Amino acid sequence: MSHPILVTGAAGGKQGSTGRLITSLLLEQGIPVRALVHELDSRSDGLRQHGAEVLEGDLLNPASVQAAMRNVKRAYFTYPVVDGLLEAATIFAAAARDAALELVVNNSQFQSQPGDPAFRDLKHSASFRNLQHRLADRVFDWAQVNAVHVQAPPYYENVRALVSRSVTEQSAVFLPWGADTTVIPLVGAQDVARVAATLLANPGVPSQTVYPLVGETPTVREITEALGRAITRPIRYVAISDEQWADAVKERLGPHALDHLSHLWQNFRKGEERYQKTDAIRAITGRTPQTLEQFFRENAGFFASRTEEA
(Lines give C-alpha, C1' and ligand atoms only; values in the text may rest on other atoms or scores of the structure.)
Protein backbone atom coordinates (compact mmCIF):
# COMPACT_ATOMS: atom_id res chain seq x y z
CA MET A 1 0.00 0.00 0.00
CA SER A 2 1.78 3.15 -1.23
CA HIS A 3 -0.42 5.72 0.51
CA PRO A 4 -0.23 5.97 4.31
CA ILE A 5 -3.37 5.34 6.34
CA LEU A 6 -4.29 8.28 8.53
CA VAL A 7 -5.09 7.27 12.11
CA THR A 8 -6.48 9.84 14.54
CA GLY A 9 -6.18 9.45 18.30
CA ALA A 10 -2.96 7.55 17.62
CA ALA A 11 -1.20 8.52 20.85
CA GLY A 12 -3.92 6.84 22.90
CA GLY A 13 -5.35 7.74 26.27
CA LYS A 14 -5.96 5.99 29.57
CA GLN A 15 -8.78 3.71 28.40
CA GLY A 16 -9.71 2.19 25.03
CA SER A 17 -7.02 3.84 22.91
CA THR A 18 -8.25 2.30 19.66
CA GLY A 19 -6.17 4.72 17.58
CA ARG A 20 -2.92 3.53 19.14
CA LEU A 21 -3.94 -0.13 18.83
CA ILE A 22 -4.86 0.32 15.16
CA THR A 23 -1.55 2.05 14.47
CA SER A 24 0.35 -0.90 15.95
CA LEU A 25 -1.74 -3.47 14.06
CA LEU A 26 -1.18 -1.75 10.71
CA LEU A 27 2.55 -1.23 11.27
CA GLU A 28 2.91 -4.92 12.15
CA GLN A 29 1.58 -5.69 8.67
CA GLY A 30 4.07 -3.34 7.05
CA ILE A 31 1.38 -0.80 6.18
CA PRO A 32 2.52 2.84 6.37
CA VAL A 33 0.67 4.91 8.98
CA ARG A 34 0.37 8.65 9.45
CA ALA A 35 -0.37 8.99 13.14
CA LEU A 36 -2.20 12.19 14.05
CA VAL A 37 -1.58 13.20 17.65
CA HIS A 38 -2.76 16.18 19.66
CA GLU A 39 0.68 16.86 21.10
CA LEU A 40 4.20 15.55 20.76
CA ASP A 41 5.36 13.64 23.84
CA SER A 42 6.80 10.29 24.88
CA ARG A 43 3.78 8.49 23.41
CA SER A 44 4.31 10.02 19.98
CA ASP A 45 8.04 9.29 20.26
CA GLY A 46 7.13 5.63 20.74
CA LEU A 47 4.95 5.66 17.63
CA ARG A 48 7.78 7.16 15.58
CA GLN A 49 10.21 4.55 16.88
CA HIS A 50 7.84 1.82 15.66
CA GLY A 51 7.78 3.30 12.17
CA ALA A 52 4.80 5.64 12.11
CA GLU A 53 4.90 9.04 10.47
CA VAL A 54 3.85 11.28 13.36
CA LEU A 55 1.99 14.51 12.75
CA GLU A 56 0.87 16.93 15.43
CA GLY A 57 -2.58 18.32 14.74
CA ASP A 58 -6.01 19.35 15.97
CA LEU A 59 -9.24 17.78 14.70
CA LEU A 60 -11.01 21.10 15.34
CA ASN A 61 -8.62 22.94 13.00
CA PRO A 62 -9.62 22.54 9.31
CA ALA A 63 -6.16 23.43 8.03
CA SER A 64 -4.58 20.88 10.36
CA VAL A 65 -6.92 18.12 9.17
CA GLN A 66 -6.41 19.02 5.51
CA ALA A 67 -2.65 18.79 5.97
CA ALA A 68 -2.99 15.39 7.63
CA MET A 69 -4.93 14.06 4.62
CA ARG A 70 -2.36 14.90 1.95
CA ASN A 71 -1.50 11.77 -0.07
CA VAL A 72 -3.96 9.72 2.04
CA LYS A 73 -6.65 7.42 0.67
CA ARG A 74 -7.93 5.80 3.88
CA ALA A 75 -8.45 7.11 7.39
CA TYR A 76 -9.68 6.23 10.86
CA PHE A 77 -11.69 8.82 12.78
CA THR A 78 -12.18 8.79 16.54
CA TYR A 79 -12.82 11.58 19.00
CA PRO A 80 -12.50 11.63 22.82
CA VAL A 81 -15.52 11.95 25.11
CA VAL A 82 -15.30 15.74 25.31
CA ASP A 83 -17.10 18.60 23.60
CA GLY A 84 -16.53 19.04 19.88
CA LEU A 85 -17.50 15.72 18.31
CA LEU A 86 -19.91 17.14 15.72
CA GLU A 87 -17.55 19.95 14.75
CA ALA A 88 -14.61 17.54 14.41
CA ALA A 89 -16.64 15.02 12.40
CA THR A 90 -17.87 17.73 10.02
CA ILE A 91 -14.36 19.12 9.51
CA PHE A 92 -12.97 15.63 8.96
CA ALA A 93 -15.76 14.59 6.57
CA ALA A 94 -15.39 17.76 4.50
CA ALA A 95 -11.62 17.35 4.27
CA ALA A 96 -12.01 13.66 3.36
CA ARG A 97 -14.39 14.59 0.56
CA ASP A 98 -12.05 17.28 -0.76
CA ALA A 99 -9.13 14.84 -0.64
CA ALA A 100 -11.18 12.14 -2.44
CA LEU A 101 -10.62 9.53 0.25
CA GLU A 102 -11.78 6.06 -0.72
CA LEU A 103 -12.63 4.89 2.83
CA VAL A 104 -13.20 6.40 6.27
CA VAL A 105 -13.69 4.08 9.25
CA ASN A 106 -15.62 6.02 11.86
CA ASN A 107 -15.52 4.99 15.52
CA SER A 108 -19.15 5.46 16.56
CA GLN A 109 -21.40 4.29 19.40
CA PHE A 110 -23.75 1.34 19.54
CA GLN A 111 -27.25 2.29 18.41
CA SER A 112 -29.91 -0.31 19.10
CA GLN A 113 -32.96 1.72 18.06
CA PRO A 114 -34.23 0.82 14.58
CA GLY A 115 -35.09 3.38 11.93
CA ASP A 116 -33.43 6.61 10.83
CA PRO A 117 -30.75 7.28 13.47
CA ALA A 118 -30.07 10.89 12.57
CA PHE A 119 -33.16 12.63 13.83
CA ARG A 120 -33.95 10.91 17.10
CA ASP A 121 -34.16 13.31 20.00
CA LEU A 122 -32.41 12.88 23.33
CA LYS A 123 -35.43 11.05 24.75
CA HIS A 124 -34.83 8.23 22.26
CA SER A 125 -31.03 8.27 22.52
CA ALA A 126 -29.02 6.73 25.32
CA SER A 127 -27.37 10.11 25.91
CA PHE A 128 -26.69 13.43 24.21
CA ARG A 129 -23.27 12.06 23.23
CA ASN A 130 -25.01 9.09 21.61
CA LEU A 131 -27.25 11.48 19.66
CA GLN A 132 -24.16 13.37 18.51
CA HIS A 133 -22.69 10.10 17.21
CA ARG A 134 -25.90 9.39 15.31
CA LEU A 135 -25.66 12.80 13.67
CA ALA A 136 -21.92 12.46 13.00
CA ASP A 137 -22.58 9.16 11.23
CA ARG A 138 -24.97 10.93 8.89
CA VAL A 139 -22.49 13.74 8.24
CA PHE A 140 -19.97 11.15 7.07
CA ASP A 141 -22.64 9.48 4.92
CA TRP A 142 -23.59 12.78 3.30
CA ALA A 143 -19.93 13.46 2.53
CA GLN A 144 -19.92 10.36 0.29
CA VAL A 145 -16.49 9.15 1.38
CA ASN A 146 -17.46 5.46 1.71
CA ALA A 147 -17.75 5.84 5.46
CA VAL A 148 -18.01 2.68 7.53
CA HIS A 149 -19.31 3.05 11.08
CA VAL A 150 -18.06 0.67 13.76
CA GLN A 151 -20.66 1.08 16.49
CA ALA A 152 -19.54 -0.14 19.89
CA PRO A 153 -21.01 -0.16 23.42
CA PRO A 154 -18.82 0.70 26.45
CA TYR A 155 -15.40 -0.93 26.42
CA TYR A 156 -14.07 -3.41 28.94
CA GLU A 157 -11.43 -0.75 29.57
CA ASN A 158 -14.18 1.64 30.69
CA VAL A 159 -15.32 -0.85 33.31
CA ARG A 160 -11.73 -1.30 34.48
CA ALA A 161 -11.30 2.44 34.89
CA LEU A 162 -14.58 2.79 36.78
CA VAL A 163 -14.00 0.04 39.35
CA SER A 164 -10.26 -0.54 39.73
CA ARG A 165 -9.84 1.82 42.69
CA SER A 166 -12.76 0.51 44.75
CA VAL A 167 -11.93 -3.10 43.95
CA THR A 168 -8.32 -2.53 44.98
CA GLU A 169 -9.24 -0.82 48.22
CA GLN A 170 -12.50 -2.51 49.25
CA SER A 171 -13.06 -5.50 46.94
CA ALA A 172 -16.29 -3.81 45.93
CA VAL A 173 -17.91 -2.18 42.92
CA PHE A 174 -19.90 1.01 43.64
CA LEU A 175 -21.95 1.98 40.58
CA PRO A 176 -25.47 3.29 39.80
CA TRP A 177 -26.35 0.27 37.69
CA GLY A 178 -29.46 -0.59 39.69
CA ALA A 179 -30.29 -4.25 40.30
CA ASP A 180 -27.59 -6.83 39.72
CA THR A 181 -29.74 -8.21 36.92
CA THR A 182 -29.18 -5.07 34.80
CA VAL A 183 -27.60 -5.95 31.45
CA ILE A 184 -24.53 -3.93 30.40
CA PRO A 185 -23.47 -4.50 26.74
CA LEU A 186 -19.68 -4.42 26.41
CA VAL A 187 -16.80 -5.05 24.01
CA GLY A 188 -13.02 -5.06 24.20
CA ALA A 189 -11.16 -2.13 22.63
CA GLN A 190 -8.71 -4.64 21.15
CA ASP A 191 -11.52 -6.22 19.14
CA VAL A 192 -12.82 -2.84 17.98
CA ALA A 193 -9.29 -1.95 16.87
CA ARG A 194 -8.83 -5.27 15.06
CA VAL A 195 -12.07 -4.76 13.15
CA ALA A 196 -11.11 -1.23 12.14
CA ALA A 197 -7.55 -2.23 11.18
CA THR A 198 -8.83 -5.13 9.08
CA LEU A 199 -11.30 -2.89 7.23
CA LEU A 200 -8.57 -0.31 6.58
CA ALA A 201 -5.97 -2.85 5.46
CA ASN A 202 -8.15 -4.92 3.14
CA PRO A 203 -8.35 -3.72 -0.47
CA GLY A 204 -11.69 -2.55 -1.75
CA VAL A 205 -14.63 -1.08 0.12
CA PRO A 206 -16.45 -3.13 2.80
CA SER A 207 -19.81 -4.61 1.86
CA GLN A 208 -21.57 -2.96 4.82
CA THR A 209 -21.63 0.61 6.05
CA VAL A 210 -22.48 -0.23 9.68
CA TYR A 211 -20.90 -2.88 11.89
CA PRO A 212 -22.40 -3.18 15.41
CA LEU A 213 -19.75 -4.63 17.73
CA VAL A 214 -21.14 -6.20 20.89
CA GLY A 215 -18.76 -8.71 22.46
CA GLU A 216 -20.79 -9.66 25.54
CA THR A 217 -24.08 -8.83 27.23
CA PRO A 218 -23.44 -9.68 30.90
CA THR A 219 -25.58 -8.74 33.86
CA VAL A 220 -24.02 -6.72 36.66
CA ARG A 221 -23.84 -9.90 38.73
CA GLU A 222 -22.02 -11.70 35.93
CA ILE A 223 -19.55 -8.81 35.60
CA THR A 224 -18.61 -8.92 39.28
CA GLU A 225 -18.46 -12.72 39.31
CA ALA A 226 -16.16 -12.72 36.26
CA LEU A 227 -13.91 -10.17 37.95
CA GLY A 228 -13.87 -12.20 41.16
CA ARG A 229 -12.83 -15.36 39.31
CA ALA A 230 -10.15 -13.47 37.39
CA ILE A 231 -8.49 -11.99 40.47
CA THR A 232 -9.32 -14.95 42.75
CA ARG A 233 -11.21 -13.10 45.44
CA PRO A 234 -14.92 -12.33 45.87
CA ILE A 235 -16.14 -8.93 44.69
CA ARG A 236 -19.39 -7.41 45.92
CA TYR A 237 -21.60 -5.02 44.01
CA VAL A 238 -23.11 -2.04 45.83
CA ALA A 239 -25.81 -0.12 43.98
CA ILE A 240 -25.53 3.62 44.59
CA SER A 241 -27.54 6.60 43.37
CA ASP A 242 -26.68 8.69 40.32
CA GLU A 243 -25.93 11.61 42.62
CA GLN A 244 -23.54 9.59 44.79
CA TRP A 245 -21.69 8.30 41.74
CA ALA A 246 -21.47 11.73 40.09
CA ASP A 247 -20.09 13.24 43.28
CA ALA A 248 -17.47 10.49 43.55
CA VAL A 249 -16.16 10.78 39.98
CA LYS A 250 -16.60 14.47 39.15
CA GLU A 251 -12.92 15.18 39.81
CA ARG A 252 -11.84 12.45 37.38
CA LEU A 253 -14.39 12.92 34.58
CA GLY A 254 -15.07 16.03 32.56
CA PRO A 255 -18.66 17.34 32.44
CA HIS A 256 -19.26 15.93 28.95
CA ALA A 257 -18.21 12.41 29.93
CA LEU A 258 -20.07 12.63 33.22
CA ASP A 259 -23.30 13.63 31.47
CA HIS A 260 -22.90 10.88 28.88
CA LEU A 261 -22.24 8.09 31.36
CA SER A 262 -24.97 9.23 33.76
CA HIS A 263 -27.57 9.03 30.99
CA LEU A 264 -26.12 5.74 29.77
CA TRP A 265 -26.52 4.13 33.21
CA GLN A 266 -30.11 5.38 33.38
CA ASN A 267 -30.81 3.86 29.98
CA PHE A 268 -29.34 0.49 30.97
CA ARG A 269 -31.32 0.46 34.22
CA LYS A 270 -34.58 0.86 32.32
CA GLY A 271 -34.03 -2.56 30.77
CA GLU A 272 -36.06 -1.63 27.71
CA GLU A 273 -33.45 -2.80 25.22
CA ARG A 274 -32.73 -6.45 24.47
CA TYR A 275 -29.02 -6.44 23.74
CA GLN A 276 -27.49 -9.32 21.79
CA LYS A 277 -23.95 -10.29 20.91
CA THR A 278 -23.07 -9.61 17.31
CA ASP A 279 -20.97 -11.73 14.96
CA ALA A 280 -19.15 -8.90 13.20
CA ILE A 281 -15.87 -9.27 15.12
CA ARG A 282 -15.45 -12.93 14.21
CA ALA A 283 -16.75 -12.43 10.66
CA ILE A 284 -14.31 -9.58 9.90
CA THR A 285 -11.21 -10.61 11.83
CA GLY A 286 -11.62 -14.39 11.86
CA ARG A 287 -11.01 -14.32 15.62
CA THR A 288 -13.29 -15.11 18.51
CA PRO A 289 -13.99 -11.94 20.51
CA GLN A 290 -12.17 -11.48 23.78
CA THR A 291 -14.36 -12.31 26.76
CA LEU A 292 -14.74 -10.01 29.71
CA GLU A 293 -13.18 -12.58 32.03
CA GLN A 294 -10.18 -12.93 29.71
CA PHE A 295 -9.78 -9.16 29.81
CA PHE A 296 -9.95 -9.11 33.60
CA ARG A 297 -7.34 -11.88 33.85
CA GLU A 298 -5.00 -10.02 31.49
CA ASN A 299 -5.46 -6.85 33.54
CA ALA A 300 -5.45 -8.40 37.01
CA GLY A 301 -2.65 -6.07 38.11
CA PHE A 302 -5.05 -3.12 38.00
CA PHE A 303 -7.10 -4.74 40.77
CA ALA A 304 -4.34 -5.99 43.07
CA SER A 305 -5.00 -5.26 46.74
CA ARG A 306 -2.34 -3.63 48.88
CA THR A 307 -1.76 -6.97 50.59
CA GLU A 308 -1.12 -8.63 47.24
CA GLU A 309 1.24 -5.84 46.19
CA ALA A 310 3.27 -6.04 49.40
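Q: To start, how many helices and strands does the protein have?
A: The protein has 13 helices and nine strands. This is a predicted model.

Q: What is the radius of gyration, and what would a compact globule have?
A: The protein has a radius of gyration of 19 Å, which agrees with the value near 19 Å for a compact globule of 310 residues. Along the principal axes, the C-alpha atoms fill a box of roughly 55 × 45 × 40 Å.

Q: And how much of the protein is buried?
A: Buried residues account for 54% of the 310 residues. The protein exposes about 14,400 Å², and carbon and sulfur atoms supply 50% of that area.

Q: What share of the contacts joins residues at least 24 apart?
A: That share is 76%, counted among contacts between residues at least 6 apart in sequence.

Q: Turning to helix packing, at what angle do helix 4 and helix 5 pack?
A: Helix 4 (residues 85-98) and helix 5 (residues 128-143) pack at about 10°, and their axes are 9 Å apart. Angles under 35 degrees count as roughly parallel, and the two helices are therefore roughly parallel to each other.

Q: What about helix 5 and helix 10: how do their axes cross?
A: The axes of helix 5 and helix 10 (residues 255-270) cross at roughly 95° and come within 7 Å. Helix 5 and helix 10 are therefore roughly perpendicular to each other.

Q: Which residues form that contact?
A: Phe128, Arg129, Asn130 and Gln132 in helix 5 meet His256, Asp259 and His260 in helix 10. This contact of helix 5 with helix 10 has one nonpolar, four polar and two charged residues.

Q: Now the loops. Where is Ala100, and what is its phi?
A: Ala100 is in the loop between helix 4 and strand 5 (103-109). Its phi is near 55°, a positive value in a residue other than glycine. Ala100 is partly exposed, with a relative accessible area of 48%.

Q: And where does Gln144 lie?
A: Gln144 lies in the loop between helix 5 and strand 6 (147-152). The phi of Gln144 is also positive, near 55°, in a residue other than glycine.

Q: Is Gln144 buried or exposed?
A: Gln144 counts as exposed, at 63% relative accessibility.

Q: Why does Leu26 count as buried?
A: Leu26 counts as buried because its relative accessibility is 0%, and buried means under 20%.

Q: What about Val7: which element holds it, and is it buried or exposed?
A: Val7 lies in strand 1 (residues 5-7). Val7 is buried, with a relative accessible area of 0%.

Q: Which residues does Val7 contact beyond its sequence neighbours?
A: Beyond neighbours within four places in sequence, the contacts of Val7 include Gly19, Ile22, Thr23, Leu26, Val33 and Tyr76.

Key:
Residues are numbered from 1 along each chain as its sequence is written. This is a predicted model: local features need pLDDT of at least 70, side-chain atom pairs count only at pLDDT 80 or more; totals for chains, interfaces and linings use all residues. Side-chain values use heavy atoms; hydrogens and water are left out. Axes are lines fitted to C-alpha atoms, for helices over the stretch in contact, and angles run from 0 to 180 degrees between N-to-C directions. Helices (H or I, at least four residues) and strands (E, at least two) are DSSP runs, numbered from the N terminus. Angles under 35 degrees count as roughly parallel, over 145 as roughly antiparallel, 65 to 115 as roughly perpendicular and the rest as oblique. The radius of gyration is taken over C-alpha atoms; the globule rule is 2.2 Å times the number of residues to the power 0.38. Buried means under 20% relative accessible area, exposed over 50%, partly exposed in between (1.4 Å probe, protein chains only). Contact means heavy atoms within 4.5 Å. Accessible areas come from the Shrake-Rupley method with a 1.4 Å probe; for residues, only the protein chains shown count as cover. Ala, Val, Leu, Ile, Met, Phe, Trp, Tyr, Cys and Pro count as nonpolar, Asp, Glu, Lys and Arg as charged, and the others, Gly among them, as polar.
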